[in-house]
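Open your viewer and get your selection tool ready.

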Amino acid sequence: MSLDWLHTPAQAVNDSARAAALTRQAWLTKPPGALGELETLAVTLAGLQGRECPAVDKINISIFAGDHGIADEKVSAFPQAVTGEMVRNFANGGAAISVLARELRAVLEVVHLGTVNDPGPLPGVRRAWIAPRTHNFLHAPAMEPAQLQQALHAGRDSIATASAAGSELFIGGEMGIANTTAASALACALIDVHPHDITGAGTGLDAAGMQHKSQVIAHAVAFHRAYALDPLESLRRLGGFEIAALSGAYIAAAQAGIPILVDGFISSVAALAAVRINPSCHEWLLFAHCSAERGHLRVLEALQAKPLLDLGMRLGEGSGAATAASIVRLACALHAGMATFEQAGVTNKEP
Ligand SMILES: Cc1cc2ncn([C@H]3O[C@H](COP(=O)(O)O)[C@@H](O)[C@H]3O)c2cc1C
Ligand SMILES: O=C(O)c1cccnc1
C-alpha cells in the first residue's frame with residue numbers, strides 16, 4: 001500500500017453556498033457583525049458543507065492512543081503505564097472525553113495503536129496495533145517506514161467510517177504519555193522554533209523538569225535536523241503513532257469533505273504536519289481552543305489559526321474541541337433559526 005493518497009487534493013470549498021450564507025447573515029435581525037466569530041463560523045461551515053445553512057448534528061470523535069520510546073528520558077510527570085490504563089478508562093466511559101462525547105451525543109471511537117501496558121481487547125476499542133511503543137527518537141527514528149504507514153492508515157480508516165455515517169464534523173484526540181515531547185520536537189522541525197520557546201509542562205513538570213525536557217528535545221531535533229525540510233520524514237522521525245494517525249485522519253477528512261475541529265497542542269502539531277504534507281487540507285481545519293501548553297500559540301500562529309476558546313485547558317483527548325463543538329452548534333442554530341428583518345417586521349438600517 002502506498003502513501004500516494006496523502007497528496008490527493010482536499011475537496012473544493014463551495015463558494016456559492018458560502019456567498020449565500022454571507023448574504024443570509026446580513027438579513028438576520030441583528031446589527032451586521034454583532035455575533036462576531038459565530039457569524040464567521042457559520043459562513044465558513046456553509047462553504048465547507050456546501051449548504052446555506054450548515055449543521056453539526058452528527059459529530060464523530062476518534063481518540064488515538066499510543067506509547068512513546070522517548071518516555072525513557074523522564075520527560076513526563078506521569079508513568080508510561082497510564083496510556084494503557086486510560087485506554088481502559090475510555091472503554092469504560094470515565095475519561096473527560098467520554099463525558100463530553102455523551103453530552104454532545106457524538107460517536108466516540110477509541111483507536112488503540114499500541115501501548116506498553118496493553119489492556120488487551122476491550123469493547124468499543126478498535127485495535128489497530130502497530131507495536132507496544134515507538135523507538136526513542138533521541139537515538140533513532142521514532143517509527144519504521146511501515147509503522148508510519150500503519151499509523152496514517154489507522155487515521156484514514158476512522159474517516160472512512162465517519163464519512164459512511166454522514167459525519168458533519170470530525171474531532172481527533174490523542175492519548176500517549178510523553179507526547180507533548182514528541183509534538184514539541186516535531187514542531188521544532190516544522191517551524192524552526194527553538195526548543196526552549198516551545199517546551200511546556202505537559203502533564204505538570206516543574207521548572208527543572210521542563211529544563212531537562214527542553215534539552216532532550218534540543219538534542220533530538222539536532223540529531224534529525226537533516227530531514228527537517230521533509231514533513232513526512234519529520235513525522236516518522238519525531239512523531240508518534242497517535243500523532244501520525246491524527247495527521248492521516250485530518251488529510252482524509254479534508255479529502256472526504258468533512259470539516260475538522262482541531263483540539264489542543266498535540267493535535268495542532270499533527271494538523272501542521274498534515275498541512276505541510278498536503279497544503280490543500282488547511283481550509284478544512286477549524287481551531288477549537290488555545291491550550292495552556294506553552295508552545296501552542298506558536299503552532300497556531302504557524303497555522304494562521306484563530307481558536308474559538310481560551311479556557312486554560314491542557315488535557316488533550318480532543319477535550320477542548322469537544323467543548324468548542326457546542327459553540328459551533330450554537331453558531332449553526334443562530335444562522336438557521338434567527339428571523340430575517342423582513343420576516344420579523346423589524347426595520348433594517350438605511351442602506
Ligand atoms: C491521567 C491522564 C489523562 C490524560 N489524558 C490526556 N492526557 C494528556 O497528557 C499526555 C501528554 O503529557 P506529557 O507529555 O506530559 O506526558 C498525553 O497522554 C495527553 O493526551 C493525559 C494525561 C494523564 C496523566
Ligand atoms: O493541549 C494539549 O493537547 C495537551 C497539553 C498538555 C497535555 N496533553 C495535551
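Helices here are DSSP runs of H or I with at least four residues and strands are runs of E with at least two, numbered from the N terminus. This is a predicted model, in which local features need pLDDT of at least 70 and side-chain atom pairs count only at pLDDT 80 or more, while totals for chains, interfaces and linings use all residues. Residues are numbered from 1 along each chain as its sequence is written, and chains are lettered from A and ligands numbered from 1 in the order in which they are written.

Next, move to ligand 2. Its shell holds 13 residues, and Gly264, Phe265, Ser291, Glu293 and Gly316 are the closest. Helix H11 (residues 265-277) brings the largest share, 3 residues.

Finally, click on Glu317, which an unreviewed UniProt entry lists under "active site"; such annotations may be inferred rather than shown by experiment. You will find Glu317 in the loop between helix H12 (296-302) and helix H13 (319-337). Is Glu317 buried or exposed? Glu317 counts as buried because 26 C-beta neighbours lie inside 10 Å, and the cut-off for buried is 20 or more other C-beta atoms within 10 Å, against 12 or fewer for exposed and partly exposed in between.

Technical notes
A residue is near a molecule or strand if its C-beta atom, placed from the backbone, lies within 6 Å of it.
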